[in-house]
Amino acid sequence: MAKMAATIGEHGEDAFRKLFKFYKRRSPAPDLSDVIDFSKAAKHEKVLTTELNPAAVSDDEARRAGLRPVKDWRAFGLLGYPGFMFISNPFMPGSQQHWVKQCLKTYPQKPNVCNLDMHMAPTDTQDIWGKSADVLRKPASRIREPKTLLEKLRWVTLGYHYNWDTKTYSADHNTPFPSDLQSLSGHVAAACQFPVFKAEAGILNYYRSDSSLGIHVDESELDHTQPLLSFSFGQSAIFLLGGTRREDPPTAMYMHSGDVMVMSGHSRLLYHAVPRVIPSPEGDPLHPSLEAEGLGSVSDQGLIQDPIQGETTLIQSVTKEDWAVCSRYIQTSRVNMTIRQVLGPGQAFPSKDKRTETVMGYTDGYHDSQDGENVGLKRRRSSDARNPVNT
Ligand code: OGA
Ligand code: MN
């Protein structure tokens, strides 16, 4: 594989697309030996240590959000990517379960928006969890049952709802950002030297084992001085981080359950993509960090298990009933939350008449791309490289 990367690098042009296709390929399976694994102690020539600010978040604040004390986080940088930070699973054992449950049960609820809303009536997408949970709780039957709504979920938007057609956010479509996720994001940003970060928009992506996410830059936010945060749960995946130009060859790295990435400064506007989900080996379908029992994890009643009497926590333990559904889903899926600040301090959206007119359509989150590109004239307007696609 080292040879493959070098060959592509020499040609320069379209190196990103070639590597995207290389990692996406099923047969023969690609050699993954060049993929950086931050969870492994082994040193890699490109991996740097990075300075966090442990004083920005107290140990109590961190614990309330399900995070370990910041001084214990394992944070890395990457040579050639200033502003990029990778925090290898900073969550306490047992607390990822809360975020997984929120992504599957809570955040898809109204007034948040999801891909299913694009072609279904609001009454039909009102209770995605309720309509799916019973089926998913049952042991897998040999007869192929129709997919549940939860299995059809591809994206959810929070806060300022991203419009996939116009590629903009707007003041007119803004709903309250979930307070637990706001706190989690604020703590991570503060620890990474961004004390005034405000979580205003979220895009949650839901990946099946054959999904990928096309090559793109996140540039629709009006303020790029604040970071973009990414939280991954469930199955591992490969992330490709490129350059400011489409043809710059990317660096490949694993994202495991619990991993957090921060794209800021020079790295805020770099091309990136997710060519492949890496399913866990059979018989060991959950990442070890999701199996750990611990504080705030799975309980009989779903009560908040306070480590300290009377302390309020953001993290709720997940009931056994709910975890049965979540763990079943996450055994073959990956969920990623990307959190963004849209406006700078005092900034406002441009007035409507100044915006160029855009033809409205809708997206269901799918596009036909095989190689990381949006394809097809008809679909170009109504889809986005940022929607996970199944092949
Ligand atoms: C995005 C994104 C990466 C991921 O939503 O913009 O790049 O890991 N997601 O899903
Ligand atoms: Mn992105």
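## Helices, strands and a first look

Helices, of at least four residues, and strands, of at least two, are DSSP runs numbered from the N terminus. Lysine 152 counts as partly exposed because its relative accessibility is 38%, and partly exposed is the band between under 20% for buried and over 50% for exposed. Its C-alpha atom is separated by 7.6 Å from that of leucine 116, a residue 36 places away along the chain.

Please keep in mind that this is a predicted model. The protein has 391 residues, 53% of them buried, and it contains 10 helices and 16 strands. Among contacts with a separation of 6 or more, 76% link residues 24 or more positions apart. The exposed surface comes to about 17500 Å², and carbon and sulfur atoms supply 53% of that area.

## The metal site

Which residues coordinate the manganese ion (ligand 2)? They are His216 through NE2, Asp218 through OD and His272 through NE2, at 2.1 to 2.2 Å. Along the sequence these donor residues follow the spacing H-x1-D-x53-H. Histidine 216 and aspartate 218 are both buried.

Nonpolar side chains tend to be buried together in soluble globular proteins. Here the largest nonpolar core has 57 residues, and Phe231 and Met337 have the most contacts inside it. Helix α7 (residues 179–191) gives this core its largest share, 6 residues. A second, separate core has 20 residues, including Ile36, Leu213, Val274 and Val277.

Leaving aside residues up to four places away in sequence, what does methionine 337 touch? Its partners include Trp99, Cys103, Tyr107, Leu181 and Leu184, and also Ile203, Leu204, Leu229, Ser230, Phe231 and Phe233.

## The nine-stranded sheet

An open sheet is formed by 9 strands in the order β1-β2-β3-β11-β8-β15-β6-β5-β4, with antiparallel pairing. Its edge strands, β1 (47–49) and β4 (113–114), each pair on one side only. Further in, strand β3 (residues 84–88) runs antiparallel to strand β11 (residues 260–263), and 4 bridges join them. Methionine 85 has valine 262 in β11 as its bridge partner.

Helix α4 (residues 96–106) packs on it, touching β6 (201–208), β8 (228–234) and β15 (333–340), and the direction of α4 makes about 85° with that of β15. Helix α9 (residues 320–330) lies across β6, β8 and β15 and runs at about 95° to β15.

## A covered strand and an enclosed helix

Strand β9 (residues 236–241) is mostly covered, as 6 of its 6 residues are buried. In a regular strand the side chains alternate between the two faces of the sheet. In β9, Ser236, Ile238 and Leu240 point one way, while Ala237, Phe239 and Leu241 point the other way. Strand β9 runs antiparallel to β12 (residues 272–278), with 5 bridges joining the two, and leucine 240 stands opposite alanine 273 in β12. Another antiparallel pairing, over 5 bridges, links β9 with strand β10 (residues 251–255). There, phenylalanine 239 has methionine 253 as its bridge partner.

Why is helix α2 (residues 15–24) described as largely enclosed by the rest of the structure? Because 7 of its 10 residues are buried. The buried residues of α2 are Ala15, Phe16, Leu19, Phe20, Phe22, Tyr23 and Lys24.

## Backbone details in the loops

Most residues other than glycine have a negative phi, and most peptide bonds are trans. A few places here depart from that pattern. The peptide bond from serine 27 to proline 28 is cis, with omega near 0°, and proline 28 is in the loop between α2 and β1. Lysine 110 and proline 111 are also joined by a cis peptide bond, with omega about 10°; proline 111 belongs to the loop between α4 and β4.

Asparagine 89, in the loop between β3 and α4, has a phi near 30°. Glutamine 193, in the loop between α7 and β6, has a phi of about 75°.

Definitions and conventions. Residues are numbered from 1 along each chain as its sequence is written. Chains are lettered from A and ligands numbered from 1 in the order in which they are written. This is a predicted model: local features need pLDDT of at least 70, side-chain atom pairs count only at pLDDT 80 or more; totals for chains, interfaces and linings use all residues. Side-chain values use heavy atoms; hydrogens and water are left out. Donors are N, O and S atoms within 2.8 Å of the metal (3.2 Å for Na, K and Ca); water is not among the atoms, so sites may look incomplete. Buried means under 20% relative accessible area, exposed over 50%, partly exposed in between (1.4 Å probe, protein chains only). Contact means heavy atoms within 4.5 Å. Accessible areas come from the Shrake-Rupley method with a 1.4 Å probe; for residues, only the protein chains shown count as cover. A nonpolar core is a set of buried Ala, Val, Leu, Ile, Met, Phe, Trp, Tyr and Cys residues joined through side-chain atoms within 4.5 Å. Two strands pair if DSSP finds at least two bridges between them. Axes are lines fitted to C-alpha atoms, for helices over the stretch in contact, and angles run from 0 to 180 degrees between N-to-C directions.
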